[in-house]
Structures are given as C-alpha cells and as structure tokens.
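Please read the following report alongside the sequence and the coordinates. It treats charged contacts, aromatic pairs and helix packing in turn.

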Amino acid sequence: MSNGCDDYSLKWFFISVVGTHFEMKPYEHDGVDLEDGKTRKPGDKPALRKIHNQALLSGLAYCISSCSMILVNKFVLSSYNFNAGIFLMLYQNFVSVIIVIILSLTGLITTEPLTWRLIKVWFPVNVIFVGMLITSMFSLKYINVAMVTVLKNVTNVITAVGEMYLFNKHHDNRVWLALFLMIISAVSGGITDLSFNAVGYCWQIANCFLTASYSLTLRRTMDTAKQVTQSGNLNEFSMVLLNNTLSLPLGIVLSFAFNETDYLFKTPLLRLPSFWMVMTLSGLLGLAISFTSMWFLHQTGATTYSLVGSLNKIPLSIAGIVLFNVPTSLQNSASILFGLVAGVVFARAKMREKS
C-alpha cells in the first residue's frame, strides 16, 4: 500500500458518496484484491450478513440503482424545476441516516459509535464531501446527464496529477493516453453542447476538483479514523452514517447561506405528496447504491466491478438524452461516445497497470 490515495481505494469513496457518485474506478480493500472472491482478511468482521445470490443479479441491481439515482435527481432538479439543491441533499442524507440507524438497531448491520474523537478526525474531509454533493446537484440542474458523465472524467485527470505531485505516484503511458482522450472528449463535448450553460459548467468544474480532493484525502483520513474507533476498524456502513450525519448541520447552515429557506417557504412543490415521494425515492436509491455496490463487489471482484461501472455510463447517457429530450448534434453525440469509450479505456489501463 502506498502512503497516499491508492488506485483501488475508490470503492470506499463511492460507497460513502450516497446520492451523487456514479463514476467507477477499480477497487482494492486493504491490499486484498477482490477478484479472487475473498472480500475480507481472516479475523475481520463482516459489515453485512452474507447473501447467497448470483453475480448477475447483484450487477443488475447495482446498475439499475446507480443509473436511477442520477436520473431521479435530474428529474427533481430540472423537470420539477426545484431550486433548492442543498435541501435535496439534506433530505437524501437524512433518509440514509434514518435507515442505517434502523438497520443497526435491528442487528442487520454493524456501525461504529460516533464519538467526538472520530468526528474531529472526519470533519475536514466531510466538508469536502458536502461541497462535492452540493456542486454535483447544482451542475446536474443546468447540464444534461450525458455531458455530466463525460465531464466527470476530468476528475480522473486531476486525481492522477494529484497522486503524482502529492504522493510521488507514477502512471504508465496507457493511463496518460486514456486521460488525454478524456480531456479531448470533455473539451469537444463542451464546444458542441447545444444546451451549453456556463453556470452549470462552472459548478461541474468545481465538482471535479472537490471530488478529486475527496478521493486523495479519504484513504489517509480513514487510516487515522480507524485508530480512534472502538473496534479499530471502519466499515462501509459506519462511513455512510458518519458522512451523512455530519453533513446535516453543515447542510443546514449552507441552506440558510444560499437563501434556500425563503424559496422553500414559497414553493408549492413541498405541498405535493408526489414530490415528496420522488425525493424520498432519491434518498432510498442513494442508500441502495451503497448496498448494491458492496453486494456486487462481494459476488464478483475488482476487475468486473470497474469494467461494469465504466460500461454503465453508456445506457445512463442514452437514457438522459432520451428521457429529458436533450437537443444534440452528431458532433456532440460523437464527443459523448468518445468520452464514454475513453472511460472504458482508462479502466482497462488501470487494471493492467495494477497487474
């Protein structure tokens, strides 16, 4: 293990980003490659009771939940024209916290107690986490799903550069070639985007930097956090509970700062039961991503998980264009396809680099 953010640690990152992150990278858990089916070291306690199901079912569940989450968020923000993205994040995280607490109390999962020592260690990275969620919401409101998917590839570029300068980690030429292709697709996609929105693109650029920062700092924070937990470990559900619980007070402050409270008092949307149902669904889907991603990993391995995550962007982008009637051109569609292919090339290059 390197002393920085290892290439295969983003599974932790993905699981803790309930409700926003659908970009996949390969995964390694404490130096154990999951492709051999061994998801825990000897003596480790399972965070979730073992479920005996086929890999296909878990893969479908993961793909459906991750795609649905983004599409539902887009529906709430754009189709409903809901102008309180921070409140949406708060509600989704609140739903996740309640469900995780209930599952913990019933003994279905295990979580670490949220002590002050643990909170103090985790709070700085949680600030980045909240900023990442909020900028993701804001960008998704103004940019179509397909372009958000392609632009998120820029996160990989920033992360790779950060690893090189912060942790002296070097990548082979195939990885840099894939990253270069991602930059080309993002630039050409922006130029040919018929629904280009400068505000949305600014939010997305900010989101890329925050997401990369979260990825780069998460592993070291996790290592420190494990030292202050009662069990000496920090499982996936503890991270979900920790991140989402800490996000609530910070989100409330930001909601007031962005003057969302006046909008919430005036908007008729909050008086519609159907709107609350959709928002609740988005919160449930966010938590479902955590469950299904862990399930899929336990049934398959790092290679399958990474490749399916990259391929999953293709139907997501197509669905985003079709469902929301996004105006597009042949050039823009080609740029989006080019970016999606670059993502697959990047995933395979990282696998080969690891091997």
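## Salt bridge

A search of the whole structure, which is a predicted model, finds one salt bridge. It is formed by the side chains of Arg174 and Asp172, with a nitrogen-to-oxygen distance of 3.4 Å. Arg174 counts as partly exposed because its relative accessibility is 41%, and Asp172, at 23% relative accessibility, likewise counts as partly exposed.

## Aromatic pairs

The structure holds 13 aromatic pairs. One of them joins Phe82 and Phe275, whose ring centres lie 5.0 Å apart and whose planes stand at 55°, so that the pair is tilted. This pair links distant parts of the chain, since Phe82 lies in the loop between α2 (55-79) and α3 whereas Phe275 belongs to helix α11 (residues 273-299), 193 residues apart. Phe82 and Phe275 are both buried, and both belong to an aromatic cluster that also includes Phe75, Tyr80, Phe87, Tyr91, Tyr263 and Trp276.

Phe129 and Tyr214 form a tilted aromatic pair, with 5.7 Å from centre to centre and 40° between the planes. Here helix α4 (residues 116-142) supplies Phe129 and helix α8 (residues 198-226) supplies Tyr214, the two being 85 residues apart. Phe129 counts as buried at 0% relative accessibility, and Tyr214 is buried with a relative accessible area of 0%.

## Packing of α3 and α9

The axes of helix α3 (residues 85-105) and helix α9 (residues 236-257) come within 9 Å and cross at roughly 145°, and the crossing is left-handed. The contact involves residues of α3 including Ile86, Phe94 and Ile101, and residues of α9 including Phe237, Asn244 and Ser255. The residues of this contact divide into 13 nonpolar, seven polar and no charged.

Note on methods:
Residues numbered from 1 in each chain as written. Predicted model: local features only at pLDDT ≥ 70, side-chain atom pairs only at ≥ 80, totals over all residues. Heavy atoms only, no water. Axes fitted to C-alpha atoms, helices over the stretch in contact; angles between N-to-C directions. Helix = DSSP H or I, 4+ residues; strand = E, 2+ residues; numbered from the N terminus. Left-handed = near helix turned anticlockwise from the far one by under 90°. Contact = heavy atoms within 4.5 Å. Nonpolar A, V, L, I, M, F, W, Y, C, P; charged D, E, K, R; others polar. Salt bridge = Lys/Arg side-chain N within 4 Å of Asp/Glu carboxyl O. Buried < 20%, exposed > 50% of the residue type's maximum accessible area, 1.4 Å probe, protein only. Phe/Tyr/Trp six-rings, centres within 6.5 Å; stacked < 30°, edge-to-face > 60°.
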